[in-house]
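I opened my notebook to look up a charged residue and the helices around it. My notes follow the model.

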Amino acid sequence: MAQRKRRRHKKERLKFTTKKESLWGYGAVALDIAAIVVFFSALGMSVSASGDANTYLGSRGVGALLLAIAGVVIGMQGMRQKDVFLFIPKVGTIAGMIITLFLLALYIVGMVL
């Protein structure tokens, strides 16, 4: 009789690799989280001031935009490294792009209206 091959679950398979985690990718994710925190803190301060905020809060928003752009650049540097897992740098780059596009759209709408 033919022997049946036993199907293994993913957890039972072993993968031996020399790849490592990208520190650039973790830096990109950290910058993206910092951009979100800065934006929401500026938003909260603006809401508590009933929309009459000073230029300090506007500069905080620009700072959040710069942090998001830096997250995109650093994430792309992480994807250029050799022998690293690409999941974390991709997450940092894509999240940074989404945050950057959101903040740019917010500023453009603010200038037009």
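I began with a term: helices (H or I, at least four residues) are DSSP runs, numbered from the N terminus. The model is predicted, so I noted that local features need pLDDT of at least 70, side-chain atom pairs count only at pLDDT 80 or more, and totals for chains, interfaces and linings use all residues. Residues are numbered from 1 along each chain as its sequence is written, and side-chain values use heavy atoms, without hydrogens and water.

**Entry: Asp-32.** I found Asp-32 in helix 1 (residues 23-48). Is Asp-32 buried or exposed? I found it buried, meaning under 20% relative accessible area with a 1.4 Å probe, protein chains only. Asp-32 has no salt bridge (a side-chain nitrogen of Lys or Arg within 4 Å of a carboxyl oxygen of Asp or Glu). The nearest side chain of opposite charge is Lys-90, 15 Å away. I then looked up contacts (heavy atoms within 4.5 Å). Beyond neighbours within four places in sequence, Asp-32 touches Ala-68, Gly-71, Gly-92, Ala-95, Gly-96 and Ile-99.

**Entry: helix 3.** Helix 3 covers residues 87-112. Its buried residues include Gly-92, Gly-96, Ile-99 and Leu-103. Helix 1 and helix 2 (55-80) are among what covers the buried residues of helix 3.

**Entry: the core.** Which residues make up the largest nonpolar core? I listed seven: Ala-35, Phe-39, Ala-64, Leu-65, Ala-68, Ile-99 and Leu-103. Such a core is a set of buried Ala, Val, Leu, Ile, Met, Phe, Trp, Tyr and Cys residues joined through side-chain atoms within 4.5 Å. Helix 2 gives the most to this core, three residues.

How values were computed
Helices (H or I, at least four residues) and strands (E, at least two) are DSSP runs, numbered from the N terminus. Buried means under 20% relative accessible area, exposed over 50%, partly exposed in between (1.4 Å probe, protein chains only). Lys and Arg count as positive and Asp and Glu as negative; His and the chain ends are not counted. The expected span of a helix is 1.5 Å times one less than its number of residues.
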